[in-house]
Amino acid sequence: MTLRVGIIGAGNIFERGYFPALTQTEAVRVVAVCDTEPERAARGARRLGAEAVSNVADLLARTDLDAIFVVTPTDSHASLAIAALESGRAVLCEKPMARSGEDARRMAAAAERTGRRLMIGHTRHFDDRWIAMRDQIAAGRIGEPIYVYRSEHAWNGAPPGSWIWRGEVSGGVLWDVGIHVAELFHWYMGEAPRTAFATVLHSRDEARAGGAPDAAVATFDFGPERHAVMSVSWLHPPAWAPFYATTDVVGTSGRLEAYERETHPATIVARGVEIPLDSPLLSALAMAFRREVEHFAAALESGAPFEVSLDGALAAVDMIEAAERSAASGRPEAVRP
């Protein structure tokens, strides 16, 4: 069965992640595209053979949709996902699940109340690199994981005034990038941490103007002698724009490592960059979004559990919220006190 989908949001992540995936799969057929900017909705709909819709209410009033994809700025996820669930549709919502733990739990409660299914788009679960590392951990190849380090650094090219630079909307790099790392930590460690201790920077003019951190370091305490550390930023100079990340997982009897310069090598000449792209986003391989979409459709048809659990998505939100509180207080903060 082909899943009939309505899209809410036709901006950056739609263009760079979901649109390519939707053109490469027969598991999903996009029926309608909605965006606050009519030109974007029309452009997305035209290329997918769908109908452009002017507002969310009209989209949700349709009778020809099985599911809704929420692909909008972070602070709108809760209200839109809840409305879509209450309209009787399953929902695939882009990460982060919400801008707060309270809103994330309202989303989970709406899914339970309506009996409709909700999945959060954490693409790492559909990327061979991170699946392979998790499989090694699960197989006991390195013993018990006791320390994880993950860095993600890039240049954010969003123009000044964009929603991504508005702290109350996006949360800055801590929520936009750090949420991926927090969810990975939860996935690899197999549980939520006890506390978070973080510092953030507002280095670029755009970050200071909008109140969105553009660099952050956070340590998560998972219990005696078990920790995870993240370092994320949007500070790389434009000449170093390609996404750069490292991952280390240390266990009681071994170690795993991954360095993404190996999978995304770059040649930097003066202020130009030449890079063989596996994905325009670089943080996820190109097939990850297609696999995510196909998994969502298949799980709805079969009733199988989603690969990305709501518990994991909620834990990631709680972790980043605690890190945000820690950056403000200057001391460690409990994860979901």
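**Notebook: helices and a strand**

I began with helix α11 (residues 287–302): at 1.5 Å a residue its 16 residues should span 22 Å, and its end C-alpha atoms are 22 Å apart, which agrees. The expected span is 1.5 Å times one less than the number of residues. Helices here are DSSP runs of H or I with at least four residues, strands are E runs of at least two, and both are numbered from the N terminus.

A note to myself on the source: this is a predicted model, where local features need pLDDT of at least 70, side-chain atom pairs count only at pLDDT 80 or more, and totals for chains, interfaces and linings use all residues. Residues are numbered from 1 along each chain as its sequence is written, and side-chain values use heavy atoms, leaving out hydrogens and water.

Next I asked which residues of α11 are buried. I found A288, F289, E292, V293, F296, A297 and A299; buried means under 20% relative accessible area (1.4 Å probe, protein chains only). Their cover includes β1 (3–8), β4 (67–70) and β5 (90–94), with contact meaning heavy atoms within 4.5 Å. After α11 comes G303, with a positive phi near 85 degrees.

Then I turned to β5. I see that 5 of its 5 residues are buried. A90, L92 and E94 point one way, V91 and C93 the other. In a regular strand the side chains alternate between the two faces of the sheet. β4 pairs with β5 in the parallel sense over 4 bridges (pairing takes at least two DSSP bridges), and F69 stands opposite L92.

Key
Buried < 20%, exposed > 50% of the residue type's maximum accessible area, 1.4 Å probe, protein only.
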